[in-house]
Amino acid sequence: MRLLLIEDDVNLCQQLTADLRQRGYAVDATMQGVDGAFMGETEPYDIIILDLGLPDLPGLQVLQQWRNKGIKTPVLILTARSAWHEKVEGFRTGADDYLSKPFHIEELCVRLQALIRRSSGLANGAFEIGRLRLDEATQSVFWTDSESGLDGIELTGIEFRLLRYLMLHPKRIFTATHLVEHVYDYNDEKESNVIEVYISRLRKKLGKAVICTRRNQGYYLDPDALQSQV
Ligand code: CA
(Lines give C-alpha, C1' and ligand atoms only; values in the text may rest on other atoms or scores of the structure.)
Protein backbone atom coordinates (compact mmCIF):
# COMPACT_ATOMS: atom_id res chain seq x y z
CA MET A 1 0.00 0.00 0.00
CA ARG A 2 1.40 3.38 -0.97
CA LEU A 3 0.47 5.88 1.73
CA LEU A 4 0.87 9.65 1.67
CA LEU A 5 1.16 11.42 5.03
CA ILE A 6 0.75 15.21 5.16
CA GLU A 7 1.45 16.43 8.70
CA ASP A 8 3.38 19.50 9.80
CA ASP A 9 4.11 18.43 13.37
CA VAL A 10 7.70 17.18 13.00
CA ASN A 11 7.60 14.67 15.85
CA LEU A 12 4.21 13.27 14.92
CA CYS A 13 5.19 13.07 11.26
CA GLN A 14 8.38 11.10 12.03
CA GLN A 15 6.72 8.85 14.57
CA LEU A 16 3.78 8.05 12.29
CA THR A 17 6.06 7.39 9.32
CA ALA A 18 8.06 4.88 11.36
CA ASP A 19 4.96 3.22 12.85
CA LEU A 20 3.19 2.92 9.50
CA ARG A 21 6.27 1.54 7.73
CA GLN A 22 6.53 -1.09 10.43
CA ARG A 23 2.93 -2.02 9.72
CA GLY A 24 3.61 -2.64 6.04
CA TYR A 25 2.87 0.67 4.36
CA ALA A 26 5.16 2.31 1.84
CA VAL A 27 5.07 5.83 3.29
CA ASP A 28 5.87 9.14 1.64
CA ALA A 29 5.64 12.02 4.11
CA THR A 30 5.63 15.79 3.75
CA MET A 31 5.03 18.65 6.15
CA GLN A 32 3.86 21.06 3.41
CA GLY A 33 0.35 21.37 1.99
CA VAL A 34 1.51 22.49 -1.46
CA ASP A 35 3.98 19.62 -1.81
CA GLY A 36 1.43 17.17 -0.47
CA ALA A 37 -1.23 18.37 -2.91
CA PHE A 38 1.18 17.81 -5.80
CA MET A 39 2.29 14.39 -4.56
CA GLY A 40 -1.34 13.29 -4.13
CA GLU A 41 -2.00 14.26 -7.75
CA THR A 42 1.04 12.68 -9.33
CA GLU A 43 1.81 9.50 -7.34
CA PRO A 44 -0.52 6.50 -7.25
CA TYR A 45 -1.39 6.42 -3.54
CA ASP A 46 -3.77 3.87 -2.10
CA ILE A 47 -4.59 6.03 0.90
CA ILE A 48 -3.82 9.51 2.26
CA ILE A 49 -3.60 10.87 5.81
CA LEU A 50 -4.15 14.61 5.80
CA ASP A 51 -3.68 17.10 8.64
CA LEU A 52 -6.04 20.09 8.41
CA GLY A 53 -3.88 22.77 10.03
CA LEU A 54 -0.92 23.19 7.67
CA PRO A 55 1.29 26.30 7.45
CA ASP A 56 1.17 26.99 3.72
CA LEU A 57 -2.07 25.56 2.36
CA PRO A 58 -4.96 24.44 4.60
CA GLY A 59 -5.69 20.71 4.45
CA LEU A 60 -9.29 21.33 3.40
CA GLN A 61 -8.09 23.22 0.33
CA VAL A 62 -5.71 20.42 -0.53
CA LEU A 63 -8.60 17.96 -0.33
CA GLN A 64 -10.84 20.28 -2.36
CA GLN A 65 -8.22 20.48 -5.13
CA TRP A 66 -7.95 16.70 -5.35
CA ARG A 67 -11.68 16.11 -5.42
CA ASN A 68 -12.16 18.87 -8.04
CA LYS A 69 -9.62 17.08 -10.21
CA GLY A 70 -11.42 13.77 -9.80
CA ILE A 71 -8.81 12.14 -7.56
CA LYS A 72 -10.76 9.56 -5.58
CA THR A 73 -8.02 8.23 -3.26
CA PRO A 74 -9.48 7.61 0.22
CA VAL A 75 -8.52 10.42 2.62
CA LEU A 76 -8.44 10.23 6.40
CA ILE A 77 -8.33 13.64 8.05
CA LEU A 78 -6.17 14.02 11.13
CA THR A 79 -6.58 17.12 13.20
CA ALA A 80 -6.40 18.66 16.63
CA ARG A 81 -9.68 20.40 15.96
CA SER A 82 -12.67 18.48 17.08
CA ALA A 83 -15.52 20.93 16.56
CA TRP A 84 -18.42 19.10 14.95
CA HIS A 85 -18.88 21.69 12.20
CA GLU A 86 -15.30 21.18 11.02
CA LYS A 87 -15.89 17.46 10.75
CA VAL A 88 -19.03 18.13 8.73
CA GLU A 89 -17.09 20.48 6.47
CA GLY A 90 -14.37 17.86 6.04
CA PHE A 91 -16.83 15.16 5.01
CA ARG A 92 -18.64 17.55 2.65
CA THR A 93 -15.34 18.32 0.97
CA GLY A 94 -14.80 14.62 0.33
CA ALA A 95 -13.01 13.17 3.36
CA ASP A 96 -13.63 9.47 3.99
CA ASP A 97 -12.83 9.36 7.67
CA TYR A 98 -11.81 11.59 10.53
CA LEU A 99 -9.58 11.14 13.57
CA SER A 100 -9.01 13.76 16.28
CA LYS A 101 -5.65 14.21 17.97
CA PRO A 102 -4.49 12.83 20.28
CA PHE A 103 -5.22 9.33 19.02
CA HIS A 104 -3.84 5.85 19.42
CA ILE A 105 -1.86 4.35 16.54
CA GLU A 106 -3.98 1.18 16.72
CA GLU A 107 -7.15 3.16 16.07
CA LEU A 108 -5.54 4.92 13.14
CA CYS A 109 -4.46 1.58 11.69
CA VAL A 110 -7.84 -0.14 11.90
CA ARG A 111 -9.45 2.91 10.33
CA LEU A 112 -6.91 2.85 7.48
CA GLN A 113 -7.49 -0.88 6.96
CA ALA A 114 -11.26 -0.37 6.88
CA LEU A 115 -10.95 2.45 4.32
CA ILE A 116 -8.62 0.44 2.11
CA ARG A 117 -10.89 -2.61 2.21
CA ARG A 118 -13.98 -0.57 1.45
CA SER A 119 -12.35 1.23 -1.47
CA SER A 120 -11.37 -2.17 -2.89
CA GLY A 121 -14.90 -3.50 -2.54
CA LEU A 122 -14.13 -5.98 0.24
CA ALA A 123 -17.00 -5.69 2.68
CA ASN A 124 -16.15 -8.14 5.43
CA GLY A 125 -13.81 -7.56 8.32
CA ALA A 126 -11.62 -10.60 7.71
CA PHE A 127 -9.01 -10.33 5.02
CA GLU A 128 -9.87 -13.59 3.31
CA ILE A 129 -10.07 -14.87 -0.24
CA GLY A 130 -11.05 -18.49 -0.72
CA ARG A 131 -9.03 -20.48 1.82
CA LEU A 132 -6.35 -17.85 2.15
CA ARG A 133 -6.51 -15.49 5.10
CA LEU A 134 -4.13 -12.59 5.65
CA ASP A 135 -3.47 -11.37 9.16
CA GLU A 136 -2.39 -7.75 9.04
CA ALA A 137 -1.40 -7.59 12.70
CA THR A 138 1.21 -10.37 12.44
CA GLN A 139 1.91 -9.93 8.69
CA SER A 140 1.36 -13.61 8.08
CA VAL A 141 -1.02 -15.81 6.04
CA PHE A 142 -3.08 -18.86 6.93
CA TRP A 143 -4.78 -21.60 5.00
CA THR A 144 -8.13 -21.68 6.76
CA ASP A 145 -8.51 -25.45 6.27
CA SER A 146 -4.91 -26.24 7.07
CA GLU A 147 -4.34 -29.42 9.06
CA SER A 148 -1.70 -27.69 11.08
CA GLY A 149 -4.48 -25.51 12.46
CA LEU A 150 -3.83 -21.82 12.64
CA ASP A 151 -0.08 -21.91 12.19
CA GLY A 152 0.62 -18.83 10.16
CA ILE A 153 3.14 -18.59 7.37
CA GLU A 154 5.30 -15.59 8.10
CA LEU A 155 5.92 -13.09 5.33
CA THR A 156 8.72 -10.59 4.95
CA GLY A 157 7.79 -6.92 4.63
CA ILE A 158 7.71 -6.80 0.84
CA GLU A 159 6.04 -10.23 0.51
CA PHE A 160 3.30 -9.01 2.84
CA ARG A 161 2.80 -5.73 0.95
CA LEU A 162 2.69 -7.52 -2.37
CA LEU A 163 0.25 -10.24 -1.32
CA ARG A 164 -2.01 -7.75 0.45
CA TYR A 165 -2.14 -5.59 -2.66
CA LEU A 166 -3.03 -8.54 -4.88
CA MET A 167 -5.64 -9.77 -2.38
CA LEU A 168 -7.27 -6.34 -2.32
CA HIS A 169 -7.76 -6.48 -6.08
CA PRO A 170 -8.54 -10.11 -6.97
CA LYS A 171 -8.65 -10.97 -10.69
CA ARG A 172 -7.06 -7.69 -11.72
CA ILE A 173 -3.89 -8.03 -13.74
CA PHE A 174 -1.03 -5.78 -12.67
CA THR A 175 2.23 -5.13 -14.46
CA ALA A 176 5.43 -5.45 -12.44
CA THR A 177 5.89 -1.68 -12.78
CA HIS A 178 2.46 -1.02 -11.27
CA LEU A 179 3.18 -3.38 -8.36
CA VAL A 180 6.53 -1.68 -7.68
CA GLU A 181 4.74 1.67 -7.41
CA HIS A 182 2.34 0.31 -4.80
CA VAL A 183 4.71 -1.65 -2.57
CA TYR A 184 7.70 0.70 -2.47
CA ASP A 185 7.82 4.32 -1.41
CA TYR A 186 9.23 7.10 -3.55
CA ASN A 187 12.76 6.98 -2.15
CA ASP A 188 13.21 3.22 -2.07
CA GLU A 189 15.82 1.66 -4.34
CA LYS A 190 13.89 -0.36 -6.90
CA GLU A 191 15.29 -3.11 -9.08
CA SER A 192 13.33 -3.82 -12.23
CA ASN A 193 13.10 -7.56 -11.62
CA VAL A 194 12.32 -7.27 -7.93
CA ILE A 195 8.63 -8.12 -8.28
CA GLU A 196 9.45 -11.31 -10.15
CA VAL A 197 11.71 -12.35 -7.27
CA TYR A 198 9.06 -11.72 -4.61
CA ILE A 199 6.31 -13.40 -6.61
CA SER A 200 8.45 -16.52 -6.85
CA ARG A 201 9.15 -16.40 -3.08
CA LEU A 202 5.41 -16.16 -2.38
CA ARG A 203 4.76 -19.11 -4.68
CA LYS A 204 7.43 -21.11 -2.87
CA LYS A 205 5.75 -20.39 0.47
CA LEU A 206 2.12 -20.75 -0.59
CA GLY A 207 2.06 -22.92 -3.68
CA LYS A 208 2.34 -22.16 -7.38
CA ALA A 209 -1.36 -21.51 -7.96
CA VAL A 210 -1.57 -18.64 -5.52
CA ILE A 211 -0.41 -16.03 -7.99
CA CYS A 212 -1.09 -16.38 -11.70
CA THR A 213 0.98 -14.95 -14.53
CA ARG A 214 -0.57 -13.61 -17.72
CA ARG A 215 2.21 -13.63 -20.27
CA ASN A 216 3.43 -10.18 -21.28
CA GLN A 217 0.72 -8.59 -19.13
CA GLY A 218 1.46 -9.21 -15.51
CA TYR A 219 0.33 -10.92 -12.34
CA TYR A 220 -3.02 -11.54 -10.71
CA LEU A 221 -4.69 -13.47 -7.98
CA ASP A 222 -7.41 -15.91 -8.99
CA PRO A 223 -10.00 -16.42 -6.20
CA ASP A 224 -11.22 -19.64 -7.85
CA ALA A 225 -7.76 -21.17 -7.51
CA LEU A 226 -7.88 -20.40 -3.79
CA GLN A 227 -11.13 -22.27 -3.20
CA SER A 228 -9.57 -25.70 -3.41
CA GLN A 229 -6.34 -27.28 -2.28
CA VAL A 230 -3.34 -25.94 -4.16
CA1 CA B 1 -1.00 20.78 11.97
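Author: Donors here are N, O and S atoms within 2.8 Å of the metal, or 3.2 Å for Na, K and Ca; water is not among the atoms, so sites may look incomplete. This is a predicted model, in which local features need pLDDT of at least 70 and side-chain atom pairs count only at pLDDT 80 or more, while totals for chains, interfaces and linings use all residues. Residues are numbered from 1 along each chain as its sequence is written, and side-chain values use heavy atoms, with hydrogens and water left out.

Reader: What makes Asp8, Asp51 and Gly53 donors of the calcium ion?

Author: Asp8 (OD), Asp51 (OD) and Gly53 (O) lie 2.2 to 2.4 Å from the calcium ion, and the limit for Ca is 3.2 Å, so they count as donors. Their spacing in sequence is D-x42-D-x1-G. Asp8 sits in the loop between strand S1 (2-6) and helix H1 (10-22), and Gly53 in the loop between strand S3 (47-51) and helix H3 (59-68), so this pair, 45 residues apart, links distant parts of the chain. Helices (H or I, at least four residues) and strands (E, at least two) are DSSP runs, numbered from the N terminus.

Reader: Why is Asp8 called partly exposed?

Author: Buried means under 20% relative accessible area, exposed over 50%, and partly exposed in between (1.4 Å probe, protein chains only). Asp8 has 30%, so it is partly exposed. Gly53, at 31%, is partly exposed too.

Reader: Why is the pair of Phe91 and Tyr98 called tilted?

Author: Rings of Phe, Tyr and Trp (its six-membered ring) pair if their centres lie within 6.5 Å; planes under 30 degrees apart count as stacked, over 60 as edge-to-face and the rest as tilted. The centres of Phe91 and Tyr98 are 6.0 Å apart and their planes meet at 45°, so the pair is tilted. Phe91 is partly exposed at 40%, whereas Tyr98 is buried at 7%. Tyr165 and Phe174 form a tilted pair as well, with 5.2 Å between centres and 55° between planes. Tyr165 is buried at 3%, and Phe174 is buried at 2%.

Reader: How do you know that H3 is roughly parallel to H4?

Author: Angles under 35 degrees count as roughly parallel, over 145 as roughly antiparallel, 65 to 115 as roughly perpendicular and the rest as oblique. H3 and helix H4 (residues 84-93) pack at about 20°, with their axes 9 Å apart, so H3 is roughly parallel to H4.

Note on methods
Axes fitted to C-alpha atoms, helices over the stretch in contact; angles between N-to-C directions.
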